[in-house]
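Please keep the sequence and the structure in view while reading.

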Amino acid sequence: MTATVIQTTTLYYREGSSDKFYTAAIVDEGGSYSVPFNYGRRNTTGQFGYKAQSVSLAEAEKQFEAVINEKQGKGYEVGPHWGG
């Protein structure tokens with residue numbers, strides 16, 4: 001089975017000594033969808049997990065948007081942000 005990434009977003013947060021990233025994606029896994037995420041300090045491999053697995057595309061999109069909105073609400077910004 002080949003998984004296909006449909007959408008991905010990487011957010012960054014930097015303040016004081018904190019310099020973090022958060023990446024989320026929607027992946028088509030052959031008819032069902034997942035929302036994997038990866039987060040941690042910038043320039044590390046970070047930690048991996050899933051917000052949703054084996055769900056419909058509509059549910060995957062809902063979970064993806066929810067996590068991106070949550071992180072942006074905490075100060076994360078899209079793209080490589082070097083301010084702080």
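## The pairing of β1 and β2

Strand β1 (residues 4-15) and strand β2 (residues 18-28) are joined by eleven bridges in the antiparallel sense. Strands here are DSSP runs of E with at least two residues, helices are runs of H or I with at least four, and both are numbered from the N terminus; two strands pair if DSSP finds at least two bridges between them. The model is a predicted one, in which local features need pLDDT of at least 70 and side-chain atom pairs count only at pLDDT 80 or more, while totals for chains, interfaces and linings use all residues. Residues are numbered from 1 along each chain as its sequence is written, and side-chain values use heavy atoms, with hydrogens and water left out.

Along this pairing, L11 lies opposite Y22 in β2, and E15 lies opposite S18 in β2. The two strands form a hairpin with two residues between them. In the turn, G16 has a positive phi of about 60°.

The open sheet contains five strands, in the order β4-β3-β2-β1-β5, with antiparallel pairing. Its edge strands, β4 (47-55) and β5 (77-78), each pair on one side only. Strands β1 and β5 run antiparallel and are joined by two bridges. In β5, V78 is the bridge partner of L11.

## The helix on the sheet

Helix α1 (residues 57-73) packs on the sheet and touches β1, β2, β3 (33-41), β4 and β5, where contact means heavy atoms within 4.5 Å. The direction of α1 makes about 170° with that of β2; axes are lines fitted to C-alpha atoms, for helices over the stretch in contact, and angles run from 0 to 180 degrees between N-to-C directions. The 17 residues of α1 reach 24 Å from the first C-alpha to the last, close to the expected 24 Å at 1.5 Å a residue, the expected span being 1.5 Å times one less than the number of residues.

Within α1, the residues A60, F64, V67, I68 and K71 are buried, that is, under 20% relative accessible area, whereas exposed means over 50% and partly exposed lies in between (1.4 Å probe, protein chains only). The buried residues line one face of the helix, because they fall within an arc of 100° seen down its axis; the arc is that of the directions from the helix axis to the C-beta atoms. Their cover includes β1, β2, β3 and β4. On the other side of α1, A58, K62 and G73 are exposed. Just after α1, G75 adopts a positive phi of about 105°.
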